[in-house]
Amino acid sequence: QLQASGGGLVQTGGSLRLSCAASASVQTFSMYTMGWFRQAPGKEREFVAAITRRGGSTYYADSVKGRFTISRDNAERAVYLQLNSLKPEDTAVYYCARHKISYKDYDPTRGIGDFGSWGQGTQLTVSS
């Protein structure tokens with residue numbers, strides 16, 4: 001089970017850090033690539049960022065590259081998303097998710113389809 005938190009109301013240009021806590025054991029958590037996704041009103045859920053099991057590789061959507069940073073702490077069973085230089089178009093519900101298959105890397109050609117175990121999201125609103 002995954003629980004995202006840290007959302008809120010932020011002004012354009014502001015920063016925020018989202019957290020995602022997993023209920024799995026440290027061993028299990030460490031077996032999976034993790035990802036952040038978001039869904040804006042009236043739009044489909046989209047990929048934001050992903051990080052491999054040990055954090056050695058990270059991937060970002062073009063729309064957030066250079067502004068967002070994904071990280072993880074396996075000992076804490078948590079994954080984070082640092083959001084900087086926020087824009088109104090970043091407004092969405094943010095979700096974390098786990099790759100469906102252990103020991104598999106993120107595949108940009110498959111994207112969101114490879115992720116499951118969706119947790120509850122956290123709302124981010126960026127005011128202009």
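Tutor: Let's begin with ring pairs: rings of Phe, Tyr and Trp (its six-membered ring) pair if their centres lie within 6.5 Å, and planes under 30 degrees apart count as stacked, over 60 as edge-to-face and the rest as tilted. Keep in mind that this is a predicted model, where local features need pLDDT of at least 70, side-chain atom pairs count only at pLDDT 80 or more, and totals for chains, interfaces and linings use all residues. Residues are numbered from 1 along each chain as its sequence is written, and side-chain values use heavy atoms, with hydrogens and water left out.

Student: OK, how many aromatic pairs are there by that rule?

Tutor: The count comes to 7. Ring pairs link Phe37, Phe47, Tyr59, Tyr95, Tyr106, Phe115 and Trp118 into a cluster.

Student: How are the rings of phenylalanine 37 and phenylalanine 115 arranged?

Tutor: Their centres are 5.0 Å apart and their planes are at 65°, so this pair is edge-to-face. Phenylalanine 37 lies in strand β4 and phenylalanine 115 in strand β10 (residues 115-116), so the pair ties together parts that are 78 residues apart in sequence. Strands here are DSSP runs (E, at least two residues), numbered from the N terminus.

Student: Is phenylalanine 37 buried or exposed?

Tutor: Phenylalanine 37 counts as buried, at 0% relative accessibility. Buried means under 20% relative accessible area, exposed over 50%, and partly exposed in between (1.4 Å probe, protein chains only). Phenylalanine 115 is buried as well, at 3%.

Student: And what about tyrosine 95 and tryptophan 118?

Tutor: That pair is edge-to-face too, with ring centres 6.4 Å apart and planes at 90°. Tyrosine 95 is buried at 15%, while tryptophan 118 is partly exposed at 32%.

Student: What does arginine 45 do around the ring of tyrosine 95?

Tutor: The charged end of arginine 45 sits over that ring, 3.8 Å from its centre. The charged end of arginine 45 also sits over the ring of tryptophan 118, 4.7 Å from the centre. The rule is that NZ of Lys or CZ of Arg is within 6 Å of the ring centre and within 35 degrees of the ring normal.

Student: What does β11 pair with?

Tutor: Strand β2 (residues 8-11) pairs with β11 in the parallel sense over 4 bridges, and β9 pairs with β11 in the antiparallel sense over 3 bridges. Pairing needs at least two bridges found by DSSP.
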